[in-house]
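Please look through the sequence and the model before reading the points below.

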Amino acid sequence: MIDTESTDFIMEADWRVIPHWSRSCLCRWTEGKPLRRCTQIAVAEFKRGRIRRTWWAYCSNHLYGREIINGLIVWRIRR
């Protein structure tokens with residue numbers, strides 16, 4: 001249950017939810033040497049880059065502090 005009285009949400013413009021019927025790509029999260037990759041199905045995409053911006057897909061574990069609430073990607077800020 002979300003405590004909305006003590007929480008503010010910021011909607012993320014550079015993130016979008018991938019519809020469940022088109023979730024076929026894997027999460028793009030990587031780390032370290034040797035390179036480790038996430039093997040989970042992506043649920044959201046982030047528009048990365050400065051000049052040539054492209055969409056990168058991420059699973060629910062790698063949304064970098066964001067959450068999917070009611071079909072929107074938000075950043076929760078507690079007061």
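Helices (H or I, at least four residues) and strands (E, at least two) are DSSP runs, numbered from the N terminus. The model is predicted: local features need pLDDT of at least 70 and side-chain atom pairs count only at pLDDT 80 or more, while totals for chains, interfaces and linings use all residues. Residues are numbered from 1 along each chain as its sequence is written, and side-chain values use heavy atoms, with hydrogens and water left out.

**Sheet**
- Strand β5 (residues 44–48) runs antiparallel to β6 and is joined to it by 5 bridges.
- Within β6, Trp55 is the bridge partner of Lys47.

- Buried means under 20% relative accessible area, exposed over 50%, and partly exposed in between (1.4 Å probe, protein chains only).
- Not counting residues up to four places away in sequence, Ile73 touches (heavy atoms within 4.5 Å) Trp15, Val17 and Ala44, among others.

**Loop residue Ser24**
- Ser24 lies in the loop between β2 and β3 (30–31).
- Ser24 counts as exposed because its relative accessibility is 65%.
- The C-alpha atoms of Ser24 and Gln40 are 10.0 Å apart in space, and these residues are 16 residues apart in sequence.

How values were computed:
Two strands pair if DSSP finds at least two bridges between them.
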